[in-house]
Amino acid sequence: MSATTDIRKVSILGRESIHCGFHLVPYIVKTILQTLQSSTYVLFTDSNVGKLHLPTFEKEFASEIGKISGDPKPRFLSYVLPPGETSKSRECKAELEDYLLLNKCTRDTVVLAVGGGVIGDLIGFVSATFMRGVRFVQVPTTLLAMVDSSVGGKTAIDTPHGKNLIGAFWQPEYIFIDAAFLETLPAREFSNGMAEVVKTAAIWNQDEFNALESRSAEIFAAIQTPSKDFSGRTQATRSAAQQLLLSVIVGSISVKSHIVTIDERETGLRNLVNFGHTIGHAIEAVVTPTILHGECVSIGMILEAEVARSLGVLGQVAIGRLTRCLKAYNLPVSILDPRIANLPAARDLTVDNLLDIMKIDKKNSGPHKKVVLLSRIGKTYEEKATVVKDEVIARTLSDAVKVVPVLGGPKNSPIRMATPGSKSISNRALLLAALAKGTCRLRNLLHSDDTQVMMNALQDLKGAKFSWEDGGETLVVEGGAGSLSVPEKGKEIYLGNAGTAARFLTTVCTLVQPSTTGERTIITGNARMKQRPIGPLVDALRSNGSSVDYLEGEGCLPLRIAPAGLKGSRIQLAASVSSQYVSSILLCAPYASEQVTLELVGGQVISQPYIDMTIAIMKTFGIEVTREKDESGKLVDVYNIPKGTYVNPENYNIESDASSATYPLAIAAITGTEVTIANIGSSSLQGDARFAKEVLEPMGCEVIQTETETTVKGPPIGTLKAIGYVDMEPMTDAFLTASVLAAVATAPPLPGRELSDAGGPNATRILGIANQRVKECNRIKAMIDQLAKFGVQTKELDDGLEIYGKPIAELKEGASIHCYDDHRVAMAFSVLGSIVKDTIIEEKRCVEKTWPNWWDDLENKIGLHVEGVELAHEKAGVSPSDKPRGLPPSVVIIGMRGSGKTFIGELAAAELGWSFVDADVAFEAKHKIGVREFVHQNDWPAFREAETAILQELLANYPTGHVLSLGGGIVETPASRELLKKYANNGPVVHVVREIDEVVKYLGEETARPAYGEPILDVFRRREPWFAECCSYEFINYTGVLTNAGPDTDAVRKEVRRFFSHITGDSPNLAPNVTNGNRSYFLSLTYPDITPALPFIEELIAGVDAVELRVDLLRTPKDNDHSGPYVPPVSFVSQQLAALRLKTSLPVVFTVRTVSQGGSFPDKAEKEAFELFHAALRMGVEYIDVEMCWPKKQIDTLVSRKGASQIIASWHDWSGNLQWDGKATTDIYRSASEIGDIVKIVGKANNLEDNFSLYNFVSRASKSAYGKPTIAINMGTEGQISRILNKTLSPVTHPLLPSKAAPGQLSFSQIQKALNLLGQLPAQQFYLFGNPISQSMSPTIHNTAFQILGLPHHYQLLETTSVGDEIKAAIRSPQFGGASVTIPFKLDVIHLLDGLTAQAETIGAVNTIIPQRNADGTVSLLGDNTDWLGIRECIKSRLPASVGKPKVGLVIGAGGTSRAAIYALKSLGVEVIYLFNRTKASAEKLQQAFPSANVQVIEQFGQWSQGAPSVIVSTVPASATTLDSSATGALLLVSAIFSAPAGVVVDMAYRPALTPLLSLASETKKDWRTVRGLDVLLEQGYAQFALWTGRACPRRAVAEVVTKAYERN
Ligand SMILES: NC(=O)c1ccc[n+]([C@@H]2O[C@H](COP(=O)([O-])OP(=O)(O)OC[C@H]3O[C@@H](n4cnc5c(N)ncnc54)[C@H](O)[C@@H]3O)[C@@H](O)[C@H]2O)c1
């Protein structure tokens, strides 16, 4: 046997039981049969592995058993399980045990686990407990299982409470590692295992790590090329790649076996294998199963290495290497990796959540978390995990940081420190060492993105070899002397956002020697990189004969470069944008075919110091460049580069980075302390080394600079001088640092530096930095925007900016800085953070580019405190964008003239509380003449041009919080259309649509705008597509064509509020019961045309949370009789929606059900379906039901545009075959949860039990990591109970509907009754407390509503003389559902309550008691006040349009109710509230109670010093008022009360219906609307009902009953 199979054995727990090799199946079977004799061998595997490898085992067992003599021969059984983690369950374990028992397996059975970690863990545990333990053999088939899970004897299964919670230690008899199994393993699974391999090397074996780091391509190759004829089974047939793979696996296993042998039960040393697992497991708990274990551990390793770094235990070099190595195996290294960040579950990767999960780590000692700390590659800090404070972990995990100012400045002052190696020098030296011949040792190399991608690229180009010495501190470069080859086929060189690498490598790629295959080199980068310019360099190379193609945008990466060598000779280059182009050509020039003369053209050369630096470093590597001079001896921009080969110096020490040095030096300057930067002085090659002398010294700092060191001592804090004028062209990168200092520099500049033409002596003008607009971001704009957050004023200049210094005490605290993914922005603002409290730097990680441990150095070396901060908004940094955060972007309104843009826009602004801007008004303000006149004086084209300019200004000046209404013709010019389209990517552009007939009618009356001069219909037709193209939303200004109903202003107002609050995200119109997990319902509208249902829609929707529009059932009047599949036109659907919207503000569920899913929409009409979905999003539909069977790409696009709306990902199976407990259903659920905010799965019940398995499914699924609110229903009458118990958006019907949307559907009221019978909705008691109350209408209101909704509750009167025991007993009874409180108990009742709402608190009275059930089962009583709501709603709904926003109000009376009246008026935005009361003292007392409401006590009606009131509320009894001037004792009401031309008057008096005040109002011949006490009572009652039940009160039906009862009495 061993003659034909070569095995490497590893010993564990004293036995050589791990056998490794290739193609081992025959060996395995023989070894088992010979050494583990038994009557029965049972092989367990999963179906993936079974398909591929089970037949080989079966064949081998059959043949070997056949050779055994004697009877009975042993049995061989096999059992195949479904693949995946779900098999590691109790149910599965029981299933296997039953299988073994059924097959009469006894204690001598030998079990084989052939598969990945899932099979190993599960079968191991079954073996551990079956018959109290049977022998078992592990045959791991995944890399993870080979190197990790099979070794060590841990076995386990999962429970809904967590993974691996139940299990045992049970050592296998053998572990057979057959590396040939890896050839069939998916690449991602291989990488998953590599995470564990890298981990083991990282903690234990530096040499192993070096091999993994440098040989990733070979290791991948070993599994990618299938071995033929069992090659590798013997040493003789083993390829080099196979040898390598096996040694990596054996190396990793040996380490783990060694550790397990010393510490089997994980008491100390075995902890070490948990490196990366403390944080990795927490991440895994959130994103499993989509993201694999090894992928999470990979991220965990980097984060835990960063924890070690922040504790000063580990250097950055090790982190850089670990990062690069993991990336080389395609593993993610950050939760911002798109594979993770794009998952819905990623939202739960919050710092708090992760820390919370870590609390239950097995390694913890009590509350203390433990992390394995690396001290260098191959070694850990302790031989066990180390206790680490939560604060340190939190800082590592958080996206953002806060720099905490320290009184007296950084505590380590005077500070002496070195900064990381210069980025510019690192990039140049690295490239030169690679292009040179010989070996060079680079020290202090900056481990940045640039150096990382450059090393990867040079390896891909086979240009050099890299290795590490001194524990990674020294990079050894074996130069390739300029020999470069095209990367292997299909491999693109990916450069991320590393700008320098991109520029340098572009020319390097032209040097690649011609290849025979015709392949070319492709270099590419991330999205931002694809916008950064490279055109001038490509132009120069092209004119020199190189072939370089742009693969996407002109002038940017990606590039395809032909390998043909560089021609050379005279090269012309435009060097006014970036000096990196110049350096790129200089660096490569010695290798051109002909000697290069480089001539720089195109104006002022930018950043000369960087060019000089390149030349100086080239000299160190043996090539001397000469610069030409003109006749007068002046240097000109022409360089001669000799041909030759670079020669590597033995060692090269990289100077510290001078740009980085500016930050600690600036901290010294701003805090008045002292910092010395070793390694940078006057002899530096870097321009930024001049910062100390040329910027800090003139600002008042003491600067001492030797050749190699710089020391800065700041003046006393707050005394920095403005710089006046400074040209920063030689040190452009340092301008951000200078800007933050200038922001607090208030003392006048030094004499001679003053600016005569600036705004004041505190101005600093920085010039020479125009190139900073095209860096990682537009840095000039970035500084202007972010400084503004501190209240610092600036001015943008063509070539720089001006900053006006402000005293530190006046700077705004708590600024949250957006960094645009730019390291320099982050570090510059941390300087300001050192003196301004609570400055948050939002994207902490962007410093990784040049100073990855900046935050650690700030804390440890400089001595400021840095705290981790979790941002409240969505995860920062997932897609860094320049979009400012804060208020939602302004809304832009477009549409035909006469479509109602101004009306809708003003209303929208009022409802959102934003400002309205009319472009016509802005136009007039700017041009001092009206639009009509302008066109008259000039012409149309001139007007259009001016109009575009106005648009541009409006968008720039009002980016947020405004509603901007534009002229109808704005879409006529391409320039404006482009502006609008661009804006629509970020902010809403709303097209107001109105039927053309209405527009024509309206325009007939309007004259403000110039006439069209062409038929209006033509204009309409021409502009219509342009409006559609420019808008992101459509507001249908519906005037009722379908219903012939005239416009109802209150309905329009409500719809405007709904639409604009929703689309701006200001207050999305989603169903609250869905969001907070209560029971929720939608009504399915199954009409072919919904308009006939609209008159009684209120009745239909009673109780529900949303309305479903079954779009597939709609039919136009023309196609009314059409049966069979049908596509309703978008225009018809829009009208239907618009008509519905004017009747209800409930969210709409937009459903297009296909034929195969039980609807009537054609299955294949994909284009039409998505047209409808997109139209729905444009109209602000809240929920869109999207069937999972539509193509993923279409769904993804839709999801990306959904805004505040939500997607219901649905799946319907009518066959009756859907198994709720089957894997297929779980898979459907999982994919649906990735797309949908809500998941809907509908099956069909064949029996009652099907509903129970549905119920179990939902409880399991919604608790899982990918759980979402779930609609799960079984069709058919057998499934009715599932409709009753479903919690989220249960579809309901109504007896008035023409047909049910689906068989078995119930009405809302039926479901409530059923819930009551099932004990899910116990009956509650509601009360009215007060005295006297026998006449009250409240019982009628609430009992009518309960009855209509089918709720089992009852409302009754409880009339008492005081707030005493009766009331106490009622509110503390378990059946208590809520109470109304009226006179005289609105204050007395407060002491019985547990809390008040803010409104009740301010008003100082309670009229509603709400019991709230707490998580621990106790009940708290909350006092609220709905009186003010009743008053406000009544006023709002009746306010005449001419009043607009009411500014002045009047309250009559100063009792309890007037408090609610004042509150209501204030909440309406009323600016002046007159208060009249006969006893002036009471009025004054009330005035004092509302200090912010501007209440003015008046003694006489008509004393309107601030204008006449347009809203009036009277709170005095009607009987106390009179219109009769001769009456005595009563308050005389006079017509001066109604001086204003229009308004609303509310009389809170309940009887008579027509009070003196209301009759006086109707007598004025003006536009005064009246509100009766009964109206307010109803309105506040509706509000109470909603607060108690979470459901809207059926208003109209209730009002009818109540009014009748009121009139009867
Ligand atoms: N016991 C331990 O010490 C320990 C350690 C680490 C992980 N684990 C456990 O291991 C499990 C994960 O193991 P895994 O990553 O191997 O997962 P897995 O068993 O689910 O295998 C991954 C996938 O690869 C397929 N597969 C396996 N071998 C294949 C092959 N040779 N060719 C083609 N496909 C193949 C499987 O069918 C499965 O779909 C987890 O449950 C984890 O908790 C246990």
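View 1. The model is a predicted one, in which local features need pLDDT of at least 70 and side-chain atom pairs count only at pLDDT 80 or more, while totals for chains, interfaces and linings use all residues. Residues are numbered from 1 along each chain as its sequence is written, and side-chain values use heavy atoms, with hydrogens and water left out. Glutamate 85 also places a polar side-chain atom 2.7 Å from an oxygen atom of the ligand, and the side chain of threonine 184 has an N or O atom 2.8 Å from a nitrogen atom of the ligand. Taken alone, the ligand exposes 860 Å², of which the protein buries 89% (accessible areas by the Shrake-Rupley method with a 1.4 Å probe; for residues, only the protein chains shown count as cover).

**View 2. The shell around the ligand.** Among the 25 residues around the ligand, those that come nearest are Asp46, Glu85, Lys88, Thr141 and Thr142, where a residue is near a molecule or strand if one of its heavy atoms lies within 4 Å of it. By class, the shell has 8 nonpolar, 9 polar and 8 charged residues (Ala, Val, Leu, Ile, Met, Phe, Trp, Tyr, Cys and Pro count as nonpolar, Asp, Glu, Lys and Arg as charged, and the others, Gly among them, as polar).

View 3. Strands β25 (residues 626-629) and β26 (residues 635-641) run antiparallel and are joined by 3 bridges; two strands pair if DSSP finds at least two bridges between them, and helices (H or I, at least four residues) and strands (E, at least two) are DSSP runs, numbered from the N terminus. Lysine 629 has leucine 635 of β26 as its bridge partner. The hairpin has 5 residues between the strands, and glycine 633 takes a positive phi near 90° there.

**View 4. The largest cavity.** About 420 Å³ of space lies in this cavity, and a search of the whole structure finds 10 cavities of 30 Å³ or more. On a 1 Å grid over the protein atoms alone, a cavity is a set of points where a 1.4 Å probe fits but cannot get out, and lining residues have an atom within 4 Å of a point; grid points are joined across faces, edges and corners, and a volume is the space filled by probe spheres set on the points. The largest cavity is lined by 31 residues, with Lys423, Thr500, Gln580, Asp733 and Lys775 nearest its centre. Helix α16 gives the largest share of this lining, 4 residues, and by class the lining has 5 nonpolar, 14 polar and 12 charged residues.

**View 5. A cis peptide bond at proline 558.** The peptide bond from leucine 557 to proline 558 is cis, with omega near -5°, and proline 558 sits in the loop between β21 (548-550) and β22 (559-561).

Conventions. Polar contact = N/O pair within 3.5 Å; in protein donor to acceptor, adjacent residues only side chain to side chain. 1 Å grid on protein atoms, 1.4 Å probe; cavity = no way out; pocket = protein on both sides within 12 Å on 5 of 7 lines; lining within 4 Å.
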